[in-house]
Amino acid sequence: MKTIAVISQKGGSGKTTTLLNLAVAAQQAGHSVLIVDLDLQASATDWHKVRVDKSLHVQPTHPAGLPELLKAAERQGVNFVFIDTAAKTETDTSAAIDAANLVLITCRPSVMDLRAMRNTIRLCKVHEVTPHIVLTQIEPQGTLHIEAGDTLDQLGVHVLDAGLGRRVAFHHSVIEGLGVTEFEPDGKAATEVRKLFKAICQLVGVPSRRRDDVADHPAEDIPA
(Lines give C-alpha, C1' and ligand atoms only; values in the text may rest on other atoms or scores of the structure.)
Protein backbone atom coordinates (compact mmCIF):
# COMPACT_ATOMS: atom_id res chain seq x y z
CA MET A 1 0.00 0.00 0.00
CA LYS A 2 1.24 3.46 -0.92
CA THR A 3 0.17 6.50 1.07
CA ILE A 4 0.26 9.92 -0.61
CA ALA A 5 -0.14 13.07 1.48
CA VAL A 6 -1.18 16.21 -0.40
CA ILE A 7 -0.40 19.30 1.66
CA SER A 8 -0.15 23.09 1.49
CA GLN A 9 -0.13 25.76 4.17
CA LYS A 10 -1.61 28.19 1.64
CA GLY A 11 -5.32 28.09 0.92
CA GLY A 12 -6.50 28.03 -2.68
CA SER A 13 -3.53 26.04 -3.97
CA GLY A 14 -5.71 23.38 -5.58
CA LYS A 15 -4.76 20.81 -2.95
CA THR A 16 -8.07 18.99 -2.63
CA THR A 17 -8.85 19.22 -6.34
CA THR A 18 -5.48 17.68 -7.16
CA LEU A 19 -5.97 14.89 -4.61
CA LEU A 20 -9.47 14.00 -5.77
CA ASN A 21 -8.42 13.81 -9.39
CA LEU A 22 -5.42 11.63 -8.58
CA ALA A 23 -7.63 9.30 -6.56
CA VAL A 24 -10.11 8.95 -9.43
CA ALA A 25 -7.28 8.32 -11.89
CA ALA A 26 -5.86 5.65 -9.60
CA GLN A 27 -9.21 3.88 -9.34
CA GLN A 28 -9.71 4.04 -13.11
CA ALA A 29 -6.31 2.39 -13.49
CA GLY A 30 -7.57 -0.60 -11.51
CA HIS A 31 -6.23 0.27 -8.06
CA SER A 32 -8.16 0.00 -4.80
CA VAL A 33 -8.24 3.55 -3.42
CA LEU A 34 -9.10 5.27 -0.13
CA ILE A 35 -9.26 9.01 0.44
CA VAL A 36 -8.63 10.09 4.03
CA ASP A 37 -10.10 13.50 4.89
CA LEU A 38 -8.21 15.23 7.71
CA ASP A 39 -9.49 18.67 6.72
CA LEU A 40 -12.14 20.09 9.08
CA GLN A 41 -13.69 21.87 6.09
CA ALA A 42 -14.39 18.34 4.77
CA SER A 43 -14.23 19.34 1.10
CA ALA A 44 -13.36 15.80 0.00
CA THR A 45 -16.23 14.40 2.08
CA ASP A 46 -18.66 16.90 0.57
CA TRP A 47 -17.44 15.94 -2.92
CA HIS A 48 -18.15 12.30 -2.12
CA LYS A 49 -21.68 13.08 -0.96
CA VAL A 50 -22.70 14.30 -4.42
CA ARG A 51 -20.78 11.55 -6.21
CA VAL A 52 -22.94 8.84 -7.78
CA ASP A 53 -20.24 6.13 -7.79
CA LYS A 54 -19.58 5.47 -4.10
CA SER A 55 -16.98 2.75 -4.73
CA LEU A 56 -14.25 5.36 -4.24
CA HIS A 57 -14.49 5.71 -0.47
CA VAL A 58 -13.76 8.87 1.52
CA GLN A 59 -13.14 8.47 5.24
CA PRO A 60 -13.06 11.53 7.53
CA THR A 61 -10.82 11.14 10.57
CA HIS A 62 -8.51 13.06 12.89
CA PRO A 63 -4.73 12.81 13.33
CA ALA A 64 -4.95 10.46 16.31
CA GLY A 65 -7.11 8.03 14.33
CA LEU A 66 -4.92 8.02 11.23
CA PRO A 67 -2.51 5.16 12.14
CA GLU A 68 -5.31 2.66 12.88
CA LEU A 69 -7.22 3.71 9.78
CA LEU A 70 -4.17 3.08 7.61
CA LYS A 71 -3.59 -0.32 9.21
CA ALA A 72 -7.19 -1.28 8.47
CA ALA A 73 -6.85 -0.08 4.88
CA GLU A 74 -3.75 -2.21 4.36
CA ARG A 75 -5.47 -5.27 5.81
CA GLN A 76 -8.33 -4.73 3.36
CA GLY A 77 -5.97 -4.67 0.39
CA VAL A 78 -6.10 -0.95 -0.45
CA ASN A 79 -3.40 -0.02 -3.00
CA PHE A 80 -3.41 3.78 -2.68
CA VAL A 81 -4.36 6.04 0.20
CA PHE A 82 -4.58 9.78 -0.52
CA ILE A 83 -4.59 12.02 2.57
CA ASP A 84 -6.19 15.45 2.35
CA THR A 85 -5.08 18.03 4.91
CA ALA A 86 -6.16 21.48 6.03
CA ALA A 87 -4.31 24.63 5.07
CA LYS A 88 -2.66 26.61 7.90
CA THR A 89 -2.91 23.67 10.30
CA GLU A 90 0.28 21.90 11.34
CA THR A 91 -1.16 19.10 13.49
CA ASP A 92 -2.94 17.15 10.76
CA THR A 93 -0.31 18.07 8.19
CA SER A 94 2.42 16.66 10.43
CA ALA A 95 0.45 13.45 10.95
CA ALA A 96 -0.01 13.08 7.20
CA ILE A 97 3.67 13.69 6.50
CA ASP A 98 4.71 11.06 9.04
CA ALA A 99 2.31 8.48 7.55
CA ALA A 100 3.10 9.06 3.89
CA ASN A 101 5.33 7.27 1.43
CA LEU A 102 5.22 10.40 -0.72
CA VAL A 103 4.44 14.02 0.15
CA LEU A 104 3.12 16.35 -2.53
CA ILE A 105 2.88 20.10 -2.04
CA THR A 106 0.51 21.92 -4.36
CA CYS A 107 1.49 25.45 -5.32
CA ARG A 108 0.22 28.08 -7.73
CA PRO A 109 2.99 29.84 -9.70
CA SER A 110 2.52 33.21 -7.98
CA VAL A 111 4.75 35.29 -5.73
CA MET A 112 2.42 35.00 -2.73
CA ASP A 113 2.14 31.24 -3.07
CA LEU A 114 5.90 30.82 -3.42
CA ARG A 115 6.45 32.84 -0.26
CA ALA A 116 3.90 30.77 1.62
CA MET A 117 5.55 27.60 0.31
CA ARG A 118 8.59 28.16 2.52
CA ASN A 119 6.69 27.30 5.69
CA THR A 120 5.32 24.07 4.19
CA ILE A 121 8.81 23.05 3.07
CA ARG A 122 10.13 23.89 6.54
CA LEU A 123 7.53 21.60 8.10
CA CYS A 124 8.61 18.75 5.81
CA LYS A 125 12.27 19.29 6.72
CA VAL A 126 11.40 19.12 10.42
CA HIS A 127 10.05 15.63 9.69
CA GLU A 128 13.11 14.82 7.55
CA VAL A 129 10.98 14.42 4.43
CA THR A 130 11.76 15.77 0.97
CA PRO A 131 8.48 16.77 -0.70
CA HIS A 132 7.69 16.98 -4.39
CA ILE A 133 5.98 20.06 -5.78
CA VAL A 134 2.94 20.01 -8.06
CA LEU A 135 2.37 23.34 -9.79
CA THR A 136 -1.34 24.01 -10.22
CA GLN A 137 -3.52 26.54 -12.03
CA ILE A 138 -0.80 27.12 -14.60
CA GLU A 139 -1.83 29.73 -17.17
CA PRO A 140 -1.97 28.42 -20.76
CA GLN A 141 0.25 31.31 -21.86
CA GLY A 142 3.30 32.77 -20.14
CA THR A 143 6.36 31.57 -18.28
CA LEU A 144 5.41 32.11 -14.63
CA HIS A 145 5.39 28.35 -13.99
CA ILE A 146 8.93 28.07 -15.35
CA GLU A 147 10.14 30.90 -13.12
CA ALA A 148 8.32 29.35 -10.14
CA GLY A 149 10.00 26.01 -10.84
CA ASP A 150 13.42 27.66 -10.86
CA THR A 151 12.67 29.37 -7.53
CA LEU A 152 11.52 26.14 -5.91
CA ASP A 153 14.55 24.27 -7.22
CA GLN A 154 16.67 26.77 -5.30
CA LEU A 155 14.79 25.81 -2.13
CA GLY A 156 15.99 22.23 -2.54
CA VAL A 157 12.70 20.61 -3.54
CA HIS A 158 11.81 18.75 -6.71
CA VAL A 159 9.19 20.27 -9.00
CA LEU A 160 7.34 17.64 -11.02
CA ASP A 161 7.21 18.20 -14.76
CA ALA A 162 3.58 17.12 -14.70
CA GLY A 163 1.66 20.20 -13.54
CA LEU A 164 -2.02 21.09 -13.78
CA GLY A 165 -3.31 24.00 -15.85
CA ARG A 166 -6.01 26.54 -15.07
CA ARG A 167 -8.92 24.74 -16.73
CA VAL A 168 -12.66 25.05 -16.17
CA ALA A 169 -13.03 21.26 -16.27
CA PHE A 170 -11.45 21.05 -12.79
CA HIS A 171 -14.08 23.39 -11.37
CA HIS A 172 -17.12 21.84 -13.05
CA SER A 173 -16.11 18.24 -12.37
CA VAL A 174 -15.67 18.81 -8.62
CA ILE A 175 -19.15 20.33 -8.38
CA GLU A 176 -20.59 17.13 -9.87
CA GLY A 177 -18.57 14.79 -7.67
CA LEU A 178 -16.34 13.68 -10.53
CA GLY A 179 -12.72 13.73 -11.58
CA VAL A 180 -11.82 15.37 -14.87
CA THR A 181 -10.92 11.96 -16.29
CA GLU A 182 -14.60 11.06 -15.82
CA PHE A 183 -16.11 14.46 -16.63
CA GLU A 184 -14.10 15.13 -19.80
CA PRO A 185 -11.92 12.05 -20.43
CA ASP A 186 -10.42 13.32 -23.68
CA GLY A 187 -9.79 16.87 -22.45
CA LYS A 188 -6.52 18.59 -21.66
CA ALA A 189 -7.17 18.52 -17.91
CA ALA A 190 -7.66 14.74 -18.00
CA THR A 191 -4.41 14.33 -19.93
CA GLU A 192 -2.57 16.38 -17.31
CA VAL A 193 -4.02 14.33 -14.44
CA ARG A 194 -3.05 11.03 -16.05
CA LYS A 195 0.47 12.31 -16.64
CA LEU A 196 0.73 13.42 -13.01
CA PHE A 197 -0.57 10.09 -11.73
CA LYS A 198 1.95 8.22 -13.86
CA ALA A 199 4.76 10.41 -12.46
CA ILE A 200 3.63 9.66 -8.91
CA CYS A 201 3.54 5.92 -9.60
CA GLN A 202 7.12 6.13 -10.82
CA LEU A 203 8.12 7.93 -7.62
CA VAL A 204 6.61 5.26 -5.36
CA GLY A 205 7.74 2.39 -7.57
CA VAL A 206 4.47 0.86 -8.70
CA PRO A 207 2.95 0.41 -12.18
CA SER A 208 0.35 3.03 -12.99
CA ARG A 209 -1.99 0.25 -14.06
CA ARG A 210 -2.57 -2.92 -12.07
CA ARG A 211 -1.49 -6.17 -13.72
CA ASP A 212 -4.91 -7.77 -13.19
CA ASP A 213 -6.45 -4.91 -15.16
CA VAL A 214 -4.23 -5.48 -18.19
CA ALA A 215 -6.88 -7.44 -20.08
CA ASP A 216 -8.98 -4.28 -20.37
CA HIS A 217 -6.01 -2.00 -21.06
CA PRO A 218 -3.19 -4.05 -22.62
CA ALA A 219 0.44 -3.00 -22.82
CA GLU A 220 0.06 0.09 -20.67
CA ASP A 221 2.67 0.70 -17.96
CA ILE A 222 3.02 -2.98 -17.04
CA PRO A 223 6.61 -3.95 -16.30
CA ALA A 224 8.06 -6.88 -18.20
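**Pocket, cavity, cores and charged pairs**

A: Helix 1 (15-28), helix 2 (43-50) and helix 7 (168-175) are elements that each supply at least two residues of the lining of the largest pocket. Helices (H or I, at least four residues) and strands (E, at least two) are DSSP runs, numbered from the N terminus. Please keep in mind that this is a predicted model, in which local features need pLDDT of at least 70 and side-chain atom pairs count only at pLDDT 80 or more, while totals for chains, interfaces and linings use all residues. Residues are numbered from 1 along each chain as its sequence is written, and side-chain values use heavy atoms, with hydrogens and water left out.

Q: What volume does the largest pocket have, and which residues are the closest to its centre?

A: On a 1 Å grid over the protein atoms alone, a pocket is an open set of points with protein on both sides within 12 Å along at least five of seven lines, and lining residues have an atom within 4 Å of a point. Points are joined across faces, edges and corners, and a volume is the space filled by probe spheres set on them. Here the largest pocket has a volume of about 560 Å³. It is lined by 28 residues, and the closest of them to its centre are G14, K15, T16, T17 and Q137. Sorted by class, the lining has nine nonpolar, 14 polar and five charged residues, where Ala, Val, Leu, Ile, Met, Phe, Trp, Tyr, Cys and Pro count as nonpolar, Asp, Glu, Lys and Arg as charged, and the others, Gly among them, as polar.

Q: How many cavities of 30 Å³ or more does a search of the whole structure find, and which residues line the largest cavity?

A: Rolling a probe the size of a water molecule over the atoms shows where empty space is left. In a cavity, a 1.4 Å probe fits but cannot get out. The search finds one cavity of 30 Å³ or more, and about 40 Å³ of space lies in the largest cavity. Its lining is made up of S8, Q9, K10, S13, T106, C107, D113, A116, M117 and T120. Strand 5 (102-107) and helix 5 (111-126) are the elements that give two or more residues to this lining, and helix 5 gives the most, with four residues.

Q: Where is S8 found, and is S8 buried or exposed?

A: Buried means under 20% relative accessible area, exposed over 50%, and partly exposed in between (1.4 Å probe, protein chains only). S8 is found in the loop between strand 1 (2-7) and helix 1, and at 3% relative accessibility it counts as buried. Q9 lies in the loop between strand 1 and helix 1 too, and Q9 is buried, with a relative accessible area of 8%. Leaving out residues up to four places away in sequence, S8 touches S13, K15, T85, A86, A87, K88, T106 and T120, where contact means heavy atoms within 4.5 Å. The C-alpha atoms of S8 and T93 are separated by 8.4 Å, although the two residues are 85 residues apart along the chain.

Q: How many residues does the largest nonpolar core have?

A: A nonpolar core is a set of buried Ala, Val, Leu, Ile, Met, Phe, Trp, Tyr and Cys residues joined through side-chain atoms within 4.5 Å. The largest one has 35 residues, and those with the most contacts inside it are I4, I35, F80, F82, L104, L196 and F197. Helix 9 (188-204) is one of the elements that give two or more residues to this core, and its share of eight residues is the largest. Apart from this core lies another, of 29 residues, among them V36, V103, L135 and I138.

Q: How many salt bridges does the structure hold?

A: Side chains of opposite charge can pair when their charged atoms come close. A salt bridge is a side-chain nitrogen of Lys or Arg within 4 Å of a carboxyl oxygen of Asp or Glu. The structure holds nine salt bridges. One of them joins D84 and K15, with the closest N and O atoms 3.0 Å apart. D84 lies in strand 4 (80-84) and K15 in helix 1, so the pair ties together parts that are 69 residues apart in sequence. Both D84 and K15 are buried.

Q: Which residue forms a salt bridge with E68?

A: E68 pairs with K71, the closest N and O atoms being 3.5 Å apart. Both lie in helix 3 (residues 66-75), three residues apart, about one turn of the helix. At 47% relative accessibility, K71 counts as partly exposed. Finally, R51, D53 and E182 are linked in a network of salt bridges.
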